Amino acid sequence: MRITILGSGKVATRLGLRLFQKGITISQVYSRKEAHAKLLAGKLSADYTDKVEEVKAGTDLYLFAVSDDAIGELALKLAKQAGHHASFVVHTSGATPSTVFKNSFKRYGVFYPLQTFSEEVEPDWEKIPICIDASNLTDMHNLSDLAHKCSNVVEPLTDDKRAGLHVAAVFANNFTNHMLHLSSEITRKFGVPFEILLPLIQETIRKIEKGSPEEMQTGPAIRGDQETIQRHLKLLEDTPEIREVYDLITKSINQNITNQ
């Protein structure tokens with residue numbers, strides 16, 4: 001399979017490198033910024049361009065690894081180019097439906113790696129779930145084969161299921177990271193090193209590998225320790241934004257107990 005990658009950010013880079021390492025030919029890299037396209041293409045032994053009209057027709061798969069808002073517009077531009085009417089296109093977004101391509105291409109789908117990527121950390125691809133979908137069975141089988149080259153975990157998911165999964169992922173990753181940021185703000189405020197929390201954070205993640213988050217919930221909210229909760233709220237009076245988050249999460253935990 002020969003692939004054209006549209007995009008040059010973290011997902012495009014990490015996924016492109018993985019595919020390249022698995023012997024997949026990357027024909028071309030497109031990015032709005034020529035320097036970015038050239039940099040990634042150099043790593044993948046591919047051609048590059050910063051012009052949509054120069055994206056070559058005839059490759060087996062066009063992988064859109066761009067921002068969610070850019071997918072539809074870029075697809076329309078690509079579809080207008082000669083020779084692209086029969087192209088098979090997929091995007092790597094968790095939140096965007098595959099039907100974003102429906103008005104541009106007959107063959108379309110999704111190739112969504114469920115992971116947060118960074119430049120500093122090498123991803124453990126064998127364990128990264130790749131969620132796939134396609135508009136026909138043949139393309140679905142081809143995507144499955146491609147996904148299994150990258151990972152041991154491949155999940156066929158409809159648009160609705162993937163959208164729900166993406167919301168859950170935002171809570172699990174983005175919101176959790178923000179909570180850790182707020183923790184670091186609080187430790188800084190009281191002159192305590194944030195690093196002292198690392199064993200606790202690591203144990204929190206380790207525990208949910210053995211049981212559900214609901215079963216592993218601890219803290220003053222689930223114990224109904226109102227005196228501690230009130231002391232915490234008082235300590236946070238001069239940081240009302242953090243205080244509001246504390247109060248909201250506490251009420252959410254209490255509501256969960258009530259509903260059991």
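The largest cavity has a volume of about 40 Å³. The structure is a predicted model, and the count of cavities of 30 Å³ or more comes to 1.

## Helix H1 and helix H2

Helix H1 spans residues 10-21 and helix H2 spans residues 34-44. The two pack with their axes 9 Å apart, at an angle of about 20°. An angle under 35 degrees counts as roughly parallel, and H1 and H2 are therefore described as roughly parallel to each other. Their crossing is right-handed.

On the H1 side, the contact is made by Ala12, Thr13, Gly16, Leu17 and Phe20, while H2 contributes Leu40, Lys43 and Leu44. Sorted by class, this contact has 5 nonpolar, 2 polar and 1 charged residues.

## Helix H1 and helix H4

H1 also packs with helix H4, which covers residues 137-150; their axes come within 9 Å and cross at roughly 90°. Angles of 65 to 115 degrees count as roughly perpendicular, and H1 and H4 are therefore placed in that class.

In this contact, Leu15, Arg18 and Leu19 in H1 meet Leu146, Lys149 and Cys150 in H4. By class, the contact of H1 with H4 has 4 nonpolar, no polar and 2 charged residues.

## The largest pocket

The largest pocket has a volume of about 2,200 Å³. Its lining consists of 45 residues, and those nearest the centre of the pocket are Met179, Thr204, Gln217, Ile249 and Ile253.

Several helices each supply at least two residues of this lining: H5 (159-189), H6 (198-207), H7 (213-216), H8 (220-223), H9 (226-235) and H10 (240-259). Of the elements involved, H5 gives the most, with 11 residues. The lining of the largest pocket has 30 nonpolar, 12 polar and 3 charged residues.

## The second largest pocket

The second largest pocket holds about 890 Å³ of space. It is lined by 31 residues, of which Tyr112, Leu114, Gln115, Thr116 and Asn173 are the closest to its centre. The elements giving two or more residues to this lining are H1, strand S6 (107-113) and H5.

The largest share of the lining of the second largest pocket comes from H5, with 11 residues. By class, this lining has 16 nonpolar, 12 polar and 3 charged residues.

Helix H5 gives 11 residues to the lining of the largest pocket and 11 residues to that of the second largest pocket.

How values were computed:
Residues numbered from 1 in each chain as written. Predicted model: local features only at pLDDT ≥ 70, side-chain atom pairs only at ≥ 80, totals over all residues. Heavy atoms only, no water. Axes fitted to C-alpha atoms, helices over the stretch in contact; angles between N-to-C directions. Helix = DSSP H or I, 4+ residues; strand = E, 2+ residues; numbered from the N terminus. Parallel < 35°, antiparallel > 145°, perpendicular 65-115°, else oblique. Left-handed = near helix turned anticlockwise from the far one by under 90°. Contact = heavy atoms within 4.5 Å. Nonpolar A, V, L, I, M, F, W, Y, C, P; charged D, E, K, R; others polar. 1 Å grid on protein atoms, 1.4 Å probe; cavity = no way out; pocket = protein on both sides within 12 Å on 5 of 7 lines; lining within 4 Å. Points joined across faces, edges and corners; volume = space filled by probe spheres on them.
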